[in-house]
Each structure stands twice: as C-alpha cells, then as structure tokens.
Amino acid sequence: MRGYVPDFKVQNVVEYITTVMCDLHDRMTKLGKPISFMLDTDHDEVQVNYNRELFEWVIENIVKNAIEAIESQTGAITIHIHDQSDKVFIDITDTGKGLDSRQRKDIFRPGYTTKTRGWGLGLSLATRIIDEYHHGKLFVKDSSPGKGTTFRIRLEKT
C-alpha cells in the first residue's frame, strides 16, 4: 500500500454499517448458517471521515472472523456504535469461542492464525488500515474463552 493515497469523505457510518450487516446476513442465510445480526446505536446518523472501500474491508474481515469463531449452529454478532463528541467507538461483539490471553496478545501479529487455512494477515492489515490511514485504533476490547469477543474500532470525529 506504499504510495497509495485513499480518498476520504465524511459519511454516515451508521447507514453504511447497516448496509454491510444486511448483506452479510443475506449471505449467511444463503449458506445455511443462521446468525443473528444486530445494530445498536444511540443515533441514526454519525458522521465520520473515512475511506469506504478500506473501511468496508476492515468491517467485513472482523465480521467474517466472528462468523468463523461461532462454532454452534446459531450465534449472534452485534455492532454497537457509540457516538461521543470527538470520537466514535464501533464495537463488534460475537458469541464465538473467544480468545485466551496468549491469543489476545498475538492476534494482530502478521502471520498469526488460529485457523487451519489462511495466511494470518487479515487482522494485521485491518489494524494498519485503521491506525495509519484512518488515524484510529483497532483492538480487542474484551474476550473470554467460550463466551465470545468484542473488537473495538476508535475513530476521531472531524
């Protein structure tokens, strides 16, 4: 991505995440994996300066990982958008298998994976996109083995 200068635009992140969640729900229904998707937000409109394509990739990567972490027949993924005066927090919570303390430490390291397939680059790239391009922060807010995980994205408001 060196030399790449993404196009940023102030956009309603609630509207955008609603669209992404509907698309993912439709895909999961077609695949026969009945996962409940919920959006919880304090406001219908939260304006944030972001690059739509890069941000979509981050959200989809985190949600796809969450889907894979749900080992039961059913599960839930909730996205909560907290709008504060100078920051927006986007929490993505799943009811998957959760992470132990070692996994939490290594999960963003390039090449680290808990899967049998894959390169282990998704979360390290997602972190780079949020940190370097969006000047925000991506981290594990909470996780417990057997209970699920919450990833948090913090973005500065413009």
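Guide: Here are a few questions and answers about the model above.

Guide: This is a predicted model, in which local features need pLDDT of at least 70, side-chain atom pairs count only at pLDDT 80 or more, and totals for chains, interfaces and linings use all residues. Residues are numbered from 1 along each chain as its sequence is written, and side-chain values use heavy atoms, with hydrogens and water left out.

Visitor: What is the average pLDDT of the protein chain?

Guide: The average is 90, and 97% of the residues score at least 70; pLDDT is the predictor's confidence in each residue, from 0 to 100.

Visitor: Why is asparagine 12 called buried?

Guide: Buried means under 20% relative accessible area, exposed over 50%, and partly exposed in between (1.4 Å probe, protein chains only). Asparagine 12 has 14%, so it counts as buried.

Visitor: What makes the pairing of the asparagine 12 side chain with the backbone nitrogen of valine 14 a polar contact?

Guide: The cut-off is a pair of N or O atoms within 3.5 Å; within protein, one must be able to donate a hydrogen and the other to accept it, and residues adjacent in sequence count only if both atoms are side-chain atoms. Here the distance is 3.0 Å. The backbone nitrogen of valine 46 also lies 3.1 Å from a polar atom of the asparagine 12 side chain.
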